[in-house]
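Please read the following report with the sequence and the coordinates at hand. It treats the secondary structure first and then a few single residues.

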Amino acid sequence: MAEYDVVGLGEAMIEFNQTRPGEPDYRQGYGGDTSNAVIAAARQGARCAYLTRVGDDAFGRQLQQLWRTEGVDTSGVKVDRDAHTGVYFVQHGPDGHEFSYLRRDSAAARMRPDDIGAGVVERARFLHVSGISLAISTSACDTVFAAMARARGAGGQVSLDSNLRLRLWPLDRARAILCEAMRHADLFLPSMDDMRHFTGHEDPQRTLDWIRQAGAPGAVVLKLGKDGAMIDADGQRVAVAGKRVQAVDATGAGDCFAGNLLARRCQGDDWLAAVRYANTAAALSTQGYGAVEPLPRPDQVQAALNQA
């Protein structure tokens, strides 16, 4: 029996989210894609742990306290006395949200393969990583691949979210590394927005064809934003409609989707039920500001599903 349902690896950050468009009023929160996903899973009852580096600073201590409060095991979190914890800002405007980052040379970017705590990855049902985990530095990229090999070698599964950020790396490098990681993933979670950069077209079916031709061996769930998702698993493709809500901030919605999907799969849901649940949770997460605070609890998701 696995000790953990979901172990995330990547970069956690402090968030400052603009609460009134055009005005310099920011609310402090927390972010980082794989951290968000792990917290989302933990709120759904999954047993979770997180692997990263944080700075020896107030922000790093706040993140560690956040994980402990959320019931996420922090035994694999390393404190780097020579680097800072990353920070990002979210601004809102007519075209949606815009991010600004202070992450260069952060503690998380200094992750190395020997940072992976002995036994944590090996005791997980799912290791969850992302394109950001791969992109923030060469050593972090090496750490992700090392963790993936250890997870699969121990009989666990790897979940990979594309989370393409072209500010972090050139498109050609991103395509090469993400495609290689995808070939070692049991679950690939690309977004249509990300895959447009790789495929050059807009059609979900053609996108899934491209992913399969690129060598993805496991289940693929293509995220379509407010339009829901498309499942490609067990030889079948199924479109799952999204849940329409009045969104105020979509920061972290894709991470919420990933965490809820993993939690529900660990709890025995089939793909269709798990994706419907994750769609609903992700929609609910857009009704508040920030990546973490609006992540829903099971009773909220179930109530929204009952209204459908």
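## Basis of the description

This is a predicted model, in which local features need pLDDT of at least 70 and side-chain atom pairs count only at pLDDT 80 or more, whereas totals for chains, interfaces and linings use all residues. Residues are numbered from 1 along each chain as its sequence is written, and side-chain values use heavy atoms, with hydrogens and water left out.

Helices (H or I, at least four residues) and strands (E, at least two) are DSSP runs, numbered from the N terminus. Two strands are said to pair if DSSP finds at least two bridges between them, and contact means heavy atoms within 4.5 Å.

## The open sheet and its helices

Nine strands form an open sheet with mixed pairing, in the order E5-E4-E1-E8-E9-E10-E11-E12-E13. Its edge strands are E5 (72–80) and E13 (236–240), each of which pairs on one side only. Neighbouring strands are turned by 15° against each other on average, direction ignored; axes here are lines fitted to C-alpha atoms, for helices over the stretch in contact, and angles run from 0 to 180 degrees between N-to-C directions. Within the sheet, E1 and E8 pair in the parallel sense over 4 bridges, and Gly 8 stands opposite His 128 in E8.

Helix H8 (residues 253–266) packs on the sheet, where it touches E1, E8, E9, E10 (187–189), E11 (219–223) and E12 (229–233), and its direction makes about 165° with that of E8. Helix H2 (residues 58–69) lies across E4 (48–55) and E5, running at about 170° to E5.

## Helix H4

Helix H4 (residues 138–153) has 16 residues and reaches 23 Å from its first C-alpha to its last, close to the 22 Å expected at 1.5 Å a residue; the expected span is 1.5 Å times one less than the number of residues. Ala 140, Cys 141, Thr 143, Val 144, Ala 147, Met 148 and Ala 151 of H4 are buried, where buried means under 20% relative accessible area, exposed over 50%, and partly exposed in between (1.4 Å probe, protein chains only). They cover an arc of only 155° around the axis, which puts them on the same side of H4; the arc is that of the directions from the helix axis to the C-beta atoms.

These buried residues pack against strands E1 (4–9), E8 (124–130) and E9 (157–161), and against helices H3 (131–135) and H5 (171–182). On the other side of H4, Thr 138, Ala 149 and Gly 153 are exposed. Just after H4, Gly 155 takes a positive phi of about 90°.

## A hairpin

Strands E6 (residues 87–93) and E7 (residues 96–102) pair in the antiparallel sense over 7 bridges. A hairpin through 2 residues joins E6 to E7, and Gly 93 stands opposite Gly 96 in E7.

## Two residues in detail

Ser 75 lies in strand E5, and its side chain makes a polar contact with that of Asp 73 at 2.6 Å. A polar contact is a pair of N or O atoms within 3.5 Å; within protein, one must be able to donate a hydrogen and the other to accept it, and residues adjacent in sequence count only if both atoms are side-chain atoms. Ser 75 also touches Tyr 4 and Val 120, not counting residues up to four places away in sequence.

Thr 280 lies in helix H9 (residues 271–285) and, at 5% relative accessibility, counts as buried. The side chain of Thr 280 reaches the backbone oxygen of Arg 276 at 3.1 Å.
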